[in-house]
Amino acid sequence: MYDAGKIILGIAIFLVLITFPFWFTLALGNPDYQPDPELPAGQVQCVESKEYMIHWHMDLLNQWRDSVVRDGNRMYVSREYGDRHEMSLTRTCMRCHESRERFCDRCHDYTAVDPYCWDCHVEPKGE
Amino acid sequence: MDESRRNFLKIAGCSAMGVAWGVPVLRAVGQALEAEPAPGALTGKRWALAMDIQKCMRPDVMRACQQVCHRLHNVPKIDDPEEEVKWIWSEKYDNVFPNKVHKFTSDSLKGRPVLVLCNHCERPSCVRVCPTQATWKREDGVVMMDMHRCIGCRYCIVACPYGSRSFNWSDPRPNIKPDIDPEFPTRSQGVVEKCNLCAERLAKGLGPACVDAANQVAGEGAMYFGDLGDPNSEIVRVLRSRHSMQRRPALGTEPHVFYLVSTSKRSELKQKPNDFVVPVLEE
Ligand code: SF4
């Protein structure tokens, strides 16, 4: 093999660079970091169980959107608890989760997702 | 051996495809949403609006209608006519009814402002051209918009013969005066918007806001809102008993905003100084 030294060195540099996010976090970051969205005080439950909301809130919101806008059905019947809620980001979700910054953004920033909800829906001022 | 490998690959391929397509479908079915209309929501077979063209010419009525609608729906106020956004506004009679104007059209109509809004057509041309079905006609006749789906292509603006649609050339929020109503979403840059016949109010059991405003300012009978599918509704009775017009009916869109025209009363005709006779035509 010609220039074996250079090639191997090149591959090594390449591997180091491409794995940068992994070893950098291991070395200097805090791999145990968990985002910590602030839950509303004095509330015991959401429209569904906590686990369900963590994993499926985006699908649920999409279904709410379609139901309200396309079908004109605005009341949600909770699968878990059977109670009814108006399907509204502003009037239902954010009545309790008052601050986008201290709730939504905490995880969204961590996972680097950037939903466009608030381009149109008005977020509460969040004292 | 060859044969069986071939079969194996076929079966494996089909299964993989089945799983790939089946899983999302099953997931969606398994998660079907339980939803229902809000209690008290207005339901109709075919919503329509009728306005007394002369009563709604009053500047205070027009102002009230526009103000309440634009505030409620966070419609931005942009003065540049090339970028303005409007849901309800006024246009010259001659342009609203181009085929209903001639040399001798009464001065009470000619050149006067007429209140206009989306016609919620029976055969809406905007709906036909929308490539994403962001705009569509609901069962009850409301021509709705799903802002989540609008890609801003503006075909609908070109297709609508009534100019009922506006485009957001820039972020509307800085131009929403006096302030944003948090109860209703704003729009974002790059989407089209128009009157939604107050769908969000119908869902709460309320009629359109402009109708309430007009009737408050000009007295009952300035505007009517109701269900054409109900033969006993007030709007059907009014349309049956009074002369009404639609905008540019020859286009075949079948607008569902009707303009009621007051014809001169017999007594008024008698007072006229000249002696012309109104011919009475036999049927
Ligand atoms: S029906 Fe509602 S949205 Fe349409 S013009 Fe009247 S107030 Fe505005």
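User: By class, what's in the shell around the ligand?
Analyst: Ten nonpolar, two polar and no charged residues. Here Ala, Val, Leu, Ile, Met, Phe, Trp, Tyr, Cys and Pro count as nonpolar, Asp, Glu, Lys and Arg as charged, and the others, Gly among them, as polar. Bear in mind this is a predicted model: local features need pLDDT of at least 70, side-chain atom pairs count only at pLDDT 80 or more, and totals for chains, interfaces and linings use all residues. Residues are numbered from 1 along each chain as written, chains are lettered from A and ligands numbered from 1 in written order, and side-chain values use heavy atoms, without hydrogens and water.
User: OK, which residues are around the ligand?
Analyst: C69(B), H73(B), W87(B), I88(B), L117(B), C195(B), N196(B), L197(B), C198(B), P208(B), A209(B) and C210(B). A residue gets in if one of its heavy atoms lies within 4 Å of the molecule.
User: Switching to β9(B): why is it largely enclosed by the rest of the structure?
Analyst: Five of the five residues of that strand, 223–227 of chain B, are buried, so the rest of the structure largely encloses it. Buried means under 20% relative accessible area, exposed over 50%, partly exposed in between (1.4 Å probe, protein chains only). Strands are DSSP runs of E, at least two residues, and helices runs of H or I, at least four, numbered from the N terminus.
User: Which way do the β9(B) residues point?
Analyst: M223(B), F225(B) and D227(B) go one way, Y224(B) and G226(B) the other.
User: And what does β9(B) pair with?
Analyst: Strand β2 of chain B, residues 47–52, antiparallel over five bridges; DSSP has to find at least two bridges for a pair. A48(B) stands opposite G226(B) there.
User: New topic: how many aromatic pairs over all chains?
Analyst: Nine. Rings of Phe, Tyr and Trp (its six-membered ring) pair with centres within 6.5 Å; planes under 30 degrees apart are stacked, over 60 edge-to-face, the rest tilted. F20(A) and F24(A) are a stacked pair, because their centres are 5.0 Å apart and their planes at 25°.
User: Where do F20(A) and F24(A) lie?
Analyst: Both are in helix α2 of chain A (residues 20–27), four residues apart, about one turn. F20(A) is partly exposed at 38% relative accessibility, and F24(A) is partly exposed at 36%.
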